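Me: Hi! I have a new model open and would like to go through it with you. Could you take my questions as they come?
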Amino acid sequence: GVLFSGGVDSTALLACCVKLGLPVIALTAAYVAGSSDPPDRGAAAAAAAALGVELRVAEICDLAEIEAALASLAMSVVDMDVVKAGVALTTHFACRLAAEAGCTIVLSGGGSEELLAGYARHAARPDDATLLGESGLRSLYHRDLQRDHAAATAHGLELRHPFLHNAVSAYAHALPVKLKLAHGTEKRALRLALEKHLNVPPEFAARPKWAAQYGSRFHFALQKLAKQKKLGTGRLADLVASCGTKLPPSSMALVFNSAKDAANAYHTAKLQHRAVVAVIPIDETADPTLFTCADLFAKAIGLPLSQLALPGYTARLCGQRTVTGDSGQRTDRADSGQRRVSGDSRERTVRADSEQRTDKVDSGQTVTADSGQTVTADSQQTATADSGQQTVRAMAEALCVAREVFGVHGVIAGHVHNLEALLALEAACELAGLRCLAPNWGQSNAWEFLLSCRGGASSMLCVRGEGFAGRVVSTCAELEAVGSK
């Protein structure tokens, strides 16, 4: 069986099965109560009919049945949150239907978003699409795969992810970004393959992405269930947390990489009912003010401060140089300009003063910028890589101490836009055997969120900025006034 939404990924899997002559059925699940038709139900029916495949739909309308399913899933899905709950319900009911139909194996499109630039964030930052994909793959098991396999094995099914097969994933990862993203369209290469090689009608190859919990409307079902329990639709995390006997939450440490963003990440984690048990500061020699903020914040929330701090690893803390672990891409920023190294393409961009020039560099070739600065490609790249790896290893040592002392399973960081810093932290976490979460990635409203949301900050102290250090703001209006200056 194929877990089928009528989206690009599941349509590709189903079309491949048809082309190979495999016996297959399509399976989908949807919450059908209410006046709105689940988008996935109609799309799946049309796509399955076009491919000549039988579609079976689990139509759920009873909130009591959904609550019972949540309680069952809570005992096997690790760190179940609102997103995991909505997707897990979709998988749970579709897999139940598959088992009833006599299936033993079900196929899922997991991993395609990361490999083929399928998210809006890839389109928003095309130059970073590959690195964003690598970051997503690092967290894929804890974020998606464990949840999906828990839902499938509960019904005696084996779940497989063809996009994550070694040969498929290597090929997809190596595709140029310009083939994955074109004219603002995500997963362009896959959409073209559907039309040209799998004979899928264009209207199905062009279908926009719908997250599973929205396309199936199980997110709406959670909202209705929360309202029924008088929790309100804005407290879905409380609903998920109260859905039955859950696995104990993973213990996490907060990396205090930036005062407001780290505080925002902590608050988001608490709203998600995550267990934060310690604070890991950035080394005092890298940024004394930030270290002091970490110490004060830890005391304010009643958590211990790790005695072994992380070395400075963001652009601001590393003398304007960021490291990215094993990703294959490094960025050096010096006071006189910028030199960017882009992995296998051997492309170097040298910025000096206001001028910029891009050269293709052969091994050992020297590039001279307008300022007179000379760098040797191989030696400079090797030095940068060695320095980056030393920083990552030092970070991993500090994280190992936190793991042993506090028993943490991962870290939560306040990274929002600095991809190189996030990748460095992820690489260090891999070495230390820890998870890495950045719950507010891509969000720029940390101040506003903290001041306005439930349980947030009552006021904030500005610790930097000429004319603003020492000022306390307690409303969004005051914050806007400070920001405008």
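Me: Let's start with L247. Why does L247 count as partly exposed?
Reply: This is a predicted model, and in it L247 has 32% relative accessibility. Buried would need under 20% and exposed over 50%, so L247 falls under partly exposed.

Me: Thanks! Where does L247 lie?
Reply: You'll find L247 in the loop between α15 (236-241) and β6.

Me: And which residues is L247 in contact with, leaving aside its neighbours within four places in sequence?
Reply: Those are A74, M75, S76, V77 and V78. Take V78: L247 is 169 residues away from V78 in sequence, yet their C-alpha atoms are 6.4 Å apart in space.

Me: OK, what about K187, buried or exposed?
Reply: K187 is buried, because its relative accessible area is 4% and the cut-off for buried is under 20%.

Me: Where is K187 in the chain?
Reply: K187 sits in the loop between α10 (177-180) and α11 (188-197). From V177, K187 is ten residues away in sequence and 9.6 Å away in space, C-alpha to C-alpha.

Me: What is K187 in contact with, apart from neighbours within four places in sequence?
Reply: K187 has contacts with D9, S112, E113, L116, A117, G118 and K180.

Me: Switching to charged pairs. How many salt bridges does the count come to?
Reply: The count comes to 23 salt bridges. One of them joins the side chains of D81 and R274, at 3.3 Å from N to O.

Me: Are D81 and R274 buried or exposed?
Reply: Both D81 and R274 are buried.

Me: What about D128 and R125?
Reply: Their side chains also meet in a salt bridge, 3.0 Å from N to O. D128 counts as buried because its relative accessibility is 10%, while R125, at 24%, counts as partly exposed.

Me: And which residue does D261 form a salt bridge with?
Reply: With K260, where the closest N and O atoms are 3.7 Å apart. D261 is at 15% relative accessibility, so D261 counts as buried. K260 has a relative accessible area of 28% and is therefore partly exposed.

Me: Which residues are linked in a network of salt bridges?
Reply: E114, R143, D144, R147 and D148 are linked that way.

Me: Now strands. What covers the story for β15?
Reply: Strand β15 (residues 410-413) is covered on both faces. G410 and I412 are buried on one side, and V411 and A413 are buried on the other. In a regular strand, side chains alternate between the two faces of the sheet.

Me: Which strands is β15 joined to?
Reply: Strand β6 (residues 251-255) is joined to β15 by four bridges, and the two run parallel. A253 stands opposite V411 there. Three bridges also join β15 to strand β16 (residues 435-437), again running parallel, with V411 opposite C436. Between β15 and β16 the chain passes through helix α19 (residues 419-432), and this β-α-β crossover is right-handed.

Me: And how many bridges join β2 to β3?
Reply: Six bridges join strand β2 (residues 26-31) to strand β3 (residues 55-60), and they run parallel. Y31 stands opposite I60 in β3. Helix α2 (residues 39-51) carries the chain from β2 to β3, in a right-handed β-α-β crossover.

Me: On to the surface. Which residues form a nonpolar patch?
Reply: L308, V401 and V405 do, and together they have about 230 Å² of accessible area. L308 lies in the loop between α17 (288-301) and β8 (321-322). It counts as partly exposed because its relative accessibility is 37%.

Me: Last one: how about some numbers for the whole protein chain?
Reply: Happy to! The protein chain has 21 helices and 18 strands. Buried residues account for 50% of its 485 residues. The chain exposes about 21,700 Å², with carbon and sulfur atoms supplying 53% of that. Of the contacts between residues at least 6 apart in sequence, 69% join residues at least 24 apart.

Methods. Residues are numbered from 1 along each chain as its sequence is written. This is a predicted model: local features need pLDDT of at least 70, side-chain atom pairs count only at pLDDT 80 or more; totals for chains, interfaces and linings use all residues. Side-chain values use heavy atoms; hydrogens and water are left out. Buried means under 20% relative accessible area, exposed over 50%, partly exposed in between (1.4 Å probe, protein chains only). Contact means heavy atoms within 4.5 Å. Accessible areas come from the Shrake-Rupley method with a 1.4 Å probe; for residues, only the protein chains shown count as cover. Patches are made of residues with over 30% relative accessible area and no salt bridge: like charges are joined within 9 Å, nonpolar side chains (Val, Leu, Ile, Met, Phe, Trp, Tyr) within 5 Å. A salt bridge is a side-chain nitrogen of Lys or Arg within 4 Å of a carboxyl oxygen of Asp or Glu. Two strands pair if DSSP finds at least two bridges between them. A crossover is right-handed if, with the strands pointing away from the viewer, the path from the first strand over the helix to the second runs clockwise.
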